[in-house]
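Subject: Structure for you to look at

Dear colleague,

I am passing on the structure below, and my notes on it follow directly after. Please read them with the structure open beside you.

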Amino acid sequence: MSNSSTGIAESATGASHAPLFVASLGVRWRDLDAFNHVNNSNFLTYLEEARLQWLQHVRDWFSEDAMPVLAASELQYRRPIPWPASLHIELRCTRLGTSSMTIAHRIVDADDAGRLYCDGHVVMVWMNPVSGKAMPLPATIRTAAGVSSGG
């Protein structure tokens with residue numbers, strides 16, 4: 001049940017086929033539902049963990065004036081995740097806006113990337129926590145996503 005990352009892939013643009021980041025997670029017994037597979041609500045937790053693992057490699061991605069919030073999520077559940085299972089969560093940047101970023105994701109079996117459990121995307125918006133207003137993406141996020149701060 002490893003929670004370590006498997007690495008950051010280089011990307012020329014957000015549209016690259018190479019993952020921005022791949023996280024490794026193990027399915028926990030407590031993640032199961034009455035049908036003996038991972039409850040659908042835990043998929044969002046896995047995605048959150050993968051994003052946080054990626055952000056640990058990015059400097060200055062938040063401050064007291066600007067931090068990310070989840071604005072939207074879309075998941076397509078392709079097949080149940082059994083227990084035990086080791087997973088890879090692949091993240092790709094598909095769009096960078098002024099204050100938001102769209103991150104596509106795939107949850108796959110760690111031993112068989114062809115075994116797709118879930119795919120979709122989330123939108124993260126950087127905002128000022130006091131005013132609730134959107135803030136420009138930090139330059140470090142643009143760089144980490146493979147796009148210069150001028151984009």
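Of the 35 residues in the largest nonpolar core, those that touch the most other members are Trp 54, Ile 81, Leu 87, Ile 89, Met 101, Ile 107 and Ile 141; such a core is a set of buried Ala, Val, Leu, Ile, Met, Phe, Trp, Tyr and Cys residues joined through side-chain atoms within 4.5 Å, where buried means under 20% relative accessible area with a 1.4 Å probe and protein chains only. At least two residues of this core come from each of β2 (21–26), α1 (41–55), β4 (86–96), β5 (100–109) and β6 (112–127), and the largest share, six residues, is supplied by α1. Helices (H or I, at least four residues) and strands (E, at least two) are DSSP runs, numbered from the N terminus.

This is a predicted model, in which local features need pLDDT of at least 70 and side-chain atom pairs count only at pLDDT 80 or more, while totals for chains, interfaces and linings use all residues. Residues are numbered from 1 along each chain as its sequence is written, and side-chain values use heavy atoms, with hydrogens and water left out.

Eight of the ten residues of β5 are buried, so this strand is largely enclosed by the rest of the structure. β5 pairs in the antiparallel sense with β4 over nine bridges, and Arg 106 is the bridge partner of Glu 90; two strands count as paired if DSSP finds at least two bridges between them. Ten bridges join β5 to β6, also antiparallel, with Ala 104 opposite His 121.

Best regards

Notes:
Buried means under 20% relative accessible area, exposed over 50%, partly exposed in between (1.4 Å probe, protein chains only).
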